[in-house]
Amino acid sequence: MSRLISTSCLTFICASSAALVHAQSAGAGQAEVRSAPAQTAGAILPTPEQRFEGKIGRTLAQSDPPKYAPLPKPPAGAPNVLVIITDDVGFGATTPFGGPVPTPTFEALAQDGLRYNRFHTTALCAPTRASLLTGRNPHRVGFGAITEMGTGYPGYTTILPKSAATVGEVLRQHGYGTAWFGKNHNTPEWEQSAAGPFDRWPNGLGFDYFYGFMGGATSLWNPSLFENQLPLARGNFPPGYHLERDMADHAIEWIRMQGISAPGRPFFMLYAPGTSHSPHHAPADWIARFKGQFDQGWDKMREQILARQIAAGVVPAGTKLTPRPASIPAWDTLGPDERRLYARMMETYAGALSYADHQIGRVIETLRASGQLENTLVIYIQGDNGGSGEGGLNGSTNDIAAINGMRPDLQTMLGQIDKLGGPELYNNYPVGWAWAMNAPFQWTKQVASHLGGTRNGLVVSWPARIKAHGEVRTQFHHVADIVPTIYEAVGITPPEQVDGVTQMPLDGISMAYSFVQADAPDRRHEQIFELQGNAGLYRDGWFLSSTPTRAPWDFAGPGGLPTDNGWELYNLSEDFSQSRNLAAQEPARLKSMIDQFWADAKSGDILPLDNRSFARWSSRNRPTLLAGETRFTYQPTSRPITGPGFPDLAGRSWRAEADIALANGIRAEGTLVMNGSRYGGWSLYMTGGRPTFLYKASDSPGDILRLQGPALPAGKHRISVAVTDNGQGKPGDAVLHVDGVAVGQGPITRTIPAIIRGGGAIGRSFDTLDGSFTAPFAFNGQLDNVTIEVVPE
């Protein structure tokens with residue numbers, strides 16, 4: 001009986017299904033329902049051939065076409081788009097803009113396309129890049145500061161909102177392949193660990209592929225790299241490795257694979273070298289090319305740059321050279337040792353920048369060889385802000401220590417002169433060279449109120465569409481204008497919604513109108529600038545500037561506000577270099593522009609102003625997945641512990657403990673736990689069978705503490721170190737214990753107050769603090785776990 005009921009039910013289901021499908025296939029409004037033939041109880045089920053006769057039984061090949069959604073398709077003839085943005089390069093640094101540093105790739109593209117001499121950035125890296133990615137002013141997308149200095153106020157969250165989709169995401173949804181190589185300084189600092197979240201990493205921002213580094217800078221000899229979201233092991237790069245060459249290799253491979261996997265599909269590539277942000281790292285033979293070329297010093301160099309700029313037509317005849325600030329010494333007042341050191345620092349900078357341009361040239365030649373360059377829109381932005389004055393008056397061989405308030409003295413740096421540009425140093429040139437490379441303008445990076453911080457050289461090349469060769473364009477533009485320019489070139493309308501989120505309006509305007517008409521009237525009439533309390537407003541040829549209250553190389557404390565030192569006013573239509581302050585002659589215009597600045601600042605999420613220096617950043621005021629935790633336990637890993645995956649120990653007391661087991665007859669060697677890099681940090685390790693603790697605040701011998709215990713016998717041991725940090729870089733103390741017994745104690749002359757860069761490592765090292773071992777220096781015993789405990793603040 002049960003079988004009879006089951007058979008009847010199955011027969012009824014099949015019949016009903018056939019009727020339903022037949023009804024659906026008849027079309028809307030024409031449904032025809034036919035009853036299935038009656039089946040008697042106990043009837044035999046039809047054969048498969050009988051059951052699938054008719055429309056329901058058609059084979060896949062006979063069926064209606066599948067209903068897959070069509071793949072996104074770019075507009076016909078849409079170009080490839082390659083956006084290149086270097087780091088910390090002043091307006092007057094490179095040859096196409098009258099500078100001393102040969103950049104043949106940049107120059108060749110300029111000769112084939114256009115140079116823009118009134119293009120502006122935001123005066124700092126992460127805000128510029130946020131604007132470049134989104135087409136909005138940086139504060140409107142939360143980037144009024146770098147990621148390390150977010151405050152939580154709307155203009156300073158360092159969180160790119162979903163309502164400002166990146167150009168990568170928009171082009172990807174229009175059928176483009178997308179990739180990002182090099183620097184990413186636009187992921188919130190607290191989201192940079194292996195736990196994510198990853199929706200604000202490059203892959204989550206619309207880029208199919210990412211190969212590069214997170215944060216403001218990295219060593220180019222031993223970089224902290226990621227491939228997509230995966231941190232790559234450091235310390236085992238092949239001899240002669242350099243990130244600029246490696247990055248070009250990966251970009252070339254990606255282009256070729258795109259051509260194989262998706263022939264004919266256009267791509268969008270963001271190519272963002274770490275050069276020439278410190279450290280200025282370059283192969284020795286590239287540095288040697290510039291030997292003696294900067295012996296004349298920064299004062300004469302600025303005069304030479306301006307003369308070349310006028311001759312090349314990249315600045316108007318009659319442009320005045322702005323005077324050297326009183327705080328920067330005249331070159332002729334320097335002693336011979338200073339001049340020798342500072343000239344070599346500039347040679348190193350030039351070697352690094354020229355080498356990076358050479359590697360970019362390899363990418364361009366790949367496009368040329370494959371026939372793709374003709375229809376590739378190349379946008380080459382030379383610098384995300386002006387030249388960096390952060391090296392200070394004397395330069396630096398360890399910029400990380402400098403941020404922590406520990407600058408090396410002249411004799412220390414002279415002893416390191418032959419290592420400049422190599423892996424042991426994190427070198428930066430003196431501010432005098434930054435000022436020279438920003439010729440003919442005032443000030444440097446960080447100063448958004450003056451053109452030395454915000455004006456950068458731009459070259460645009462698109463052989464298929466831009467027929468003018470080697471011409472200069474003088475229209476006033478801003479980095480926010482790049483995105484709408486790309487959209488117009490590709491032939492798409494900025495989307496009103498992306499992934500269901502309504503998009504905020506673009507602040508940028510397209511520059512494409514200038515591709516054809518050299519003397520086209522400016523279409524950008526206003527632009528606001530603000531960074532770390534330095535403020536500016538451009539309006540129809542006039543520029544309002546607050547007078548800076550703190551030099552960019554002064555990390556000691558916060559600056560003032562725009563109201564503290566007053567305002568300056570310049571007529572850029574007649575004064576290209578911003579050299580004549582007309583505030584006293586134009587009181588009505590001055591007041592009108594000041595009033596507009598404050599109104600625009602309020603509506604543009606610029607208020608409240610954040611005037612802190614870099615040395616004032618702290619990760620403890622921002623979100624973290626480790627919130628409330630004071631004890632952290634780790635096991636050995638072959639990859640670095642990045643971002644907030646390792647606790648921030650700068651400026652606080654802490655304790656580290658490692659449980660190990662040593663085998664008979666084996667001398668213990670290797671790292672137990674390390675935090676930082678050769679440029680500053682600490683390590684607990686075994687060498688010669690002896691537990692050792694090393695704390696390094698700077699390269700100065702007085703800032704390095706080493707504690708070492710006796711050789712340990714086989715068996716299990718607990719090794720620990722306790723660091724007392726009294727804050728603000730004051731003297732501290734460290735005690736090394738083995739199995740609960742103190743075996744070493746010593747003073748820390750200066751503790752690290754602000755930043756320990758390099759992440760954490762367990763069971764191996766990804767760098768060396770003092771050169772006493774070579775990474776990875778893996779521990780050859782059994783390491784059960786490492787525990788870090790921080791003292792609550």
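This tour moves through a predicted model, from its sheet to its cores, a hairpin and several backbone features.

**The open sheet**

Begin by selecting the strands of the open sheet, which has 10 strands in the order β7-β6-β5-β4-β8-β1-β9-β10-β2-β11. The pairing in this sheet is mixed. At its edges are β7 (230-231) and β11 (471-473), each of which pairs on one side only.

Next, select residues 114-116 and 457-461, which are strands β2 and β10. These two strands pair in the antiparallel sense over three bridges. Within this pair, tyrosine 116 of the model stands opposite leucine 458 in β10.

**Helices on the sheet**

**Where α3 meets α9**

Select residues 104-112 for α3 and residues 336-369 for α9. The two helices pack with their axes 7 Å apart and at an angle of about 50°; α3 and α9 are therefore oblique to each other. To see the contact, show Pro104, Thr105, Phe106 and Leu109 on α3, together with Asp357, Ile360, Gly361 and Ile364 on α9. Of the residues in this contact, five are nonpolar, two polar and one charged.

**The nonpolar cores**

The largest nonpolar core contains 121 residues. Select Phe181, Phe268, Met269, Tyr271 and Ile486, the residues with the most contacts inside this core. Helix α6 supplies the largest share of the core, with seven residues.

Centre the view on tyrosine 271 and display its neighbours, leaving aside residues up to four places away in sequence. Among those that tyrosine 271 touches are Leu82, Val83, Ile84 and Ile85, as well as Phe181. Its contacts also include Glu244, Met247, Ala248 and Ala251, along with Gln359, Ile360 and Val363.

Now move to a second, separate core of 40 residues; Ile641, Trp654, Trp682 and Val721 are included in it.

Select residues 526-531, strand β15, which is mostly covered, with five of its six residues buried. Glutamate 526 has arginine 539 in β16 as its bridge partner. Two residues lie between the strands of this hairpin, where glutamine 532 takes a positive phi near 50°.

Go to the loop between β8 and α7 (284-288), where serine 276 is found. The peptide bond from threonine 275 to serine 276 is cis, with omega near 5°. Proline 279 is placed in the loop between β8 and α7 as well, and a cis peptide bond with omega of about 5° joins serine 278 to proline 279.

**Two positive phi values in loops**

Select asparagine 228, in the loop between β6 (226-227) and β7. Its phi is near 60°, a positive value in a residue other than glycine. Asparagine 228 counts as partly exposed because its relative accessibility is 23%.

End at aspartate 499, in the loop between β13 (497-498) and β14 (501-502). Aspartate 499 is not a glycine, yet has a positive phi of about 55°. With 63% relative accessibility, aspartate 499 counts as exposed.

Methods
Residues are numbered from 1 along each chain as its sequence is written. This is a predicted model: local features need pLDDT of at least 70, side-chain atom pairs count only at pLDDT 80 or more; totals for chains, interfaces and linings use all residues. Side-chain values use heavy atoms; hydrogens and water are left out. Axes are lines fitted to C-alpha atoms, for helices over the stretch in contact, and angles run from 0 to 180 degrees between N-to-C directions. Helices (H or I, at least four residues) and strands (E, at least two) are DSSP runs, numbered from the N terminus. Angles under 35 degrees count as roughly parallel, over 145 as roughly antiparallel, 65 to 115 as roughly perpendicular and the rest as oblique. Contact means heavy atoms within 4.5 Å. Ala, Val, Leu, Ile, Met, Phe, Trp, Tyr, Cys and Pro count as nonpolar, Asp, Glu, Lys and Arg as charged, and the others, Gly among them, as polar. Two strands pair if DSSP finds at least two bridges between them. A nonpolar core is a set of buried Ala, Val, Leu, Ile, Met, Phe, Trp, Tyr and Cys residues joined through side-chain atoms within 4.5 Å. Buried means under 20% relative accessible area, exposed over 50%, partly exposed in between (1.4 Å probe, protein chains only).
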